[in-house]
Amino acid sequence: PRVLMLYGSLRERSYSRFLTFEAARLLEEFGAEVRIFDPRGLPLPDAESATHPKVQELRDLSLWSEAQVWCSPERH
């Protein structure tokens, strides 16, 4: 399966980011094709148009994925 991994923290030592990369490693061991979305540069909702490059990247990855794993304890 194609799995998109997302995390919500922009901090340098983000445990949700660390956990996302570890979960991706495990999923790849089980045979999944994994991509991780880096949220840096993603505008706040309604702050930019839908053509913003980071918005388009997230939309493209969402369409590519068959499953998604969200890890974002710092922001809900």
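**Ground rules.** I work with a predicted model, where local features need pLDDT of at least 70, side-chain atom pairs count only at pLDDT 80 or more, and totals for chains, interfaces and linings use all residues. Residues are numbered from 1 along each chain as its sequence is written, and side-chain values use heavy atoms, with hydrogens and water left out.

**Ring pairs.** I looked up the aromatic pairs and found two. Rings of Phe, Tyr and Trp (its six-membered ring) pair if their centres lie within 6.5 Å; planes under 30 degrees apart are stacked, over 60 edge-to-face, the rest tilted.

**Tyr-7 and Phe-21.** This pair is tilted, at 6.4 Å centre to centre and 50 degrees between the planes. It links distant parts of the chain, 14 residues apart: Tyr-7 sits in strand β1 (residues 2-7), Phe-21 in helix α1 (residues 15-29). I take helices (H or I, at least four residues) and strands (E, at least two) as DSSP runs, numbered from the N terminus. I checked accessibility next. Tyr-7 is buried at 8% relative accessible area, whereas Phe-21 is partly exposed at 44%. Buried means under 20%, exposed over 50%, partly exposed in between (1.4 Å probe, protein chains only).

**Tyr-15 and Phe-18.** The ring centres are 6.1 Å apart and the planes stand at 80 degrees, so I log the pair as edge-to-face. Both residues are in helix α1, three residues apart, or about one helical turn. Tyr-15 is exposed at 57%; Phe-18 is partly exposed at 34%.

**Charge over a ring.** I found Arg-35 over the face of Trp-64, 4.2 Å from the ring centre. The test asks for NZ of Lys or CZ of Arg within 6 Å of the ring centre and within 35 degrees of the ring normal.
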